[in-house]
Amino acid sequence: MSKVRVRIAPSPTGDPHVGTAYMALFNLIFARHFKGSFILRIEDTDRTRSKPEYEKNIFDALKWCDIQWDEGPDIGGEFGPYRQSERTEIYREYCQKLLDSDKAYKCFATPEELQEMREVSRKLGTRIGYDRRYRNLSADEIKKKEKEGLPYVVRLKVPLTGTCEYEDATKGLISCPWADIDDQILLKSDGFPTYHLANVVDDHLMQISHVIRGDEWISSTPKHIYLYEAFGFKKPTFMHLPLLLGADGKKLSKRKNPTSIFYYRDCGYLKEAFVNFMTLMGYSMAEDKEIYSLDEIIKEFDPKRTGLSGAFFDVKKLDWINQQYLINTIPEENLWDRIKAWGMNDAYMQKLMPLCHTRIKNFGDFMDLCQFFFINNIPHVTKLLCPKKVTPESSAMILQGLIWHMEVDDNWGKEGVEEASRVCAEVFGVNHKNIVMKILFAAITGKHQGPPLFDSVEILGKDRTRARLLDAITFLGGISNKKMSSLKKMWDKKDCSEMVKKEEAALTT
């Protein structure tokens, strides 16, 4: 085997996802086992959503998992820079090569035209939304449109007939008709590349030997293979791993599950147990061994033992593994020190003192008042989550509205939660104090009384707060996909009062 070089390329557009740790671990294990290099590359081409603080969160989350890279934005390396936003000139040069060789073309489709194409595609039941109407413009037509100052994107000129075939290291031969592949946008109108162009160019220039990624990228691989061939690049070995699945058997989604790495860190899981659990998702050790260190799996790693089907993210399994580590790696005399370091250290406890100082009659009241800060599973009660004859579904929808509002500006602090509560009261047409606040209080604390709520949420932090809202929604019966779609449309119009009224009417009948 030639020099092994693998990478992960997360986007700094949100919380560090458990899927990032999952994929990073397999790339790291593969690289270390074969004495190769593991690269961290930041794919920050989404200029509206990428933020420096999200990039820092990626670094912090991976380091908590004991994942260390050999090259990356923070430590440099021979093949830098390692942020795509610092490589835009490179992508434009390569994109021009595709235009010159007639492997790509300039597309002047307007948003209105694209919407029309999507509607036609939906009615016809076709997979391709873009109808390729600008694929064969003459040089004179292109010059004329450019002279008029019309914006354009650059699209890949995918073959219209034939089949793309490639060998996947885990799944074997995969084939896909070119007719099912769209003319992918490579360069956006703002001059920034899409993932597809930047990914292929960077993997080639950084000499990536193996592309190890999730199954969701299988459908995009033909586009990448065509780009490799169009550029005359040597293709890497592709290795697609099973997706992380939730309890419902569907792709693990932050809509239903806590997916931030920080959530599991802040809930008191040991990083060694978390890493052990994540490697179990797509791999099986010999003799079905389930408890092992990262060094052990690196030493014994065999690509042939990589899973083919989806991997269930079973929190009960994580709890069991974590308990094994607690019992076998932390002596009794050290347990209290570890618990204190996690959530009962002086710095954390001092944050709680202003909240309980005037609310306790004796020291024994402290734990009753503040226990929700230290537990992961709130004991929900329907009566508390559904005040004043509010139906469970209405309460669930209000909680979902709170999540949506705070996600817009990623503001989960004291001010953000307070603002979200008032906006929800207005949008749903319900009383702020007697309905929204009681639902929110119950979801966060399991009670209707306690320390100041907004200050409490500030201390709990985004990940644990969001998880509690999701957990309360699940406890209330959840929201069906159909109702969620209707709710989102009404939420975007800032008027969900009709949905609450329908629930109230249904309750009375």
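Author: Start with the second largest pocket: its lining has 23 nonpolar, nine polar and twelve charged residues. Ala, Val, Leu, Ile, Met, Phe, Trp, Tyr, Cys and Pro count as nonpolar, Asp, Glu, Lys and Arg as charged, and the others, Gly among them, as polar. One caution: this is a predicted model, where local features need pLDDT of at least 70, side-chain atom pairs count only at pLDDT 80 or more, and totals for chains, interfaces and linings use all residues. Residues are numbered from 1 along each chain as its sequence is written, and side-chain values use heavy atoms, with hydrogens and water left out.

Reader: What volume does the second largest pocket have, and which residues are closest to its centre?
Author: On a 1 Å grid over the protein atoms alone, a pocket is an open set of points with protein on both sides within 12 Å along at least five of seven lines, and lining residues have an atom within 4 Å of a point. Points are joined across faces, edges and corners, and the volume is the space filled by probe spheres set on them. Here that comes to about 1300 Å³. Of the 44 lining residues, Tyr-263, Cys-267, Tyr-269, Asp-319 and Asn-376 are the closest to the centre. Elements giving two or more residues to this lining include helix H9 (271–280) and helix H11 (315–329); helices are DSSP runs of H or I, at least four residues, numbered from the N terminus.

Reader: Which residues have the most contacts inside the largest nonpolar core?
Author: A nonpolar core is a set of buried Ala, Val, Leu, Ile, Met, Phe, Trp, Tyr and Cys residues joined through side-chain atoms within 4.5 Å. Buried means under 20% relative accessible area, exposed over 50%, and partly exposed in between (1.4 Å probe, protein chains only). The largest core has 58 residues, and Val-18, Phe-38, Leu-244, Phe-274, Met-278 and Phe-313 have the most contacts inside it. Helix H1 (residues 18–33) gives the most to this core, with eleven residues. Apart from it lies another core, of 57 residues, Leu-355 and Met-397 among them.

Reader: Is H1 mostly buried or exposed?
Author: Twelve of its 16 residues are buried, so H1 is largely enclosed by the rest of the structure. Among the buried ones are Val-18, Tyr-22 and Phe-26. H1 reaches 22 Å from first C-alpha to last, close to the 22 Å expected at 1.5 Å a residue (1.5 Å times one less than the number of residues).

Reader: What does Asp-202 touch?
Author: Contact means heavy atoms within 4.5 Å. Leaving out residues up to four places away in sequence, Asp-202 touches Arg-41, Gln-84, Arg-87 and Tyr-91. Asp-202 sits in helix H6 (residues 195–205) and is buried, with a relative accessible area of 0%.

Reader: How do I read the backbone angles?
Author: Most residues other than glycine have a negative phi, and most peptide bonds are trans. In this model, a cis peptide bond joins Gly-80 and Pro-81, with omega about 0°. Pro-81 is in the loop between helix H2 (52–64) and helix H3 (88–100).

Reader: Where is Lys-389 found, and what is its phi?
Author: Lys-389 is in the loop between helix H15 (382–385) and helix H16 (392–408), and its phi is positive, near 60°. Lys-389 is exposed, with a relative accessible area of 71%. Asp-410, in the loop between H16 and H17, has a positive phi of about 50° and counts as partly exposed at 25% relative accessibility.

Note on methods. 1 Å grid on protein atoms, 1.4 Å probe; cavity = no way out; pocket = protein on both sides within 12 Å on 5 of 7 lines; lining within 4 Å.
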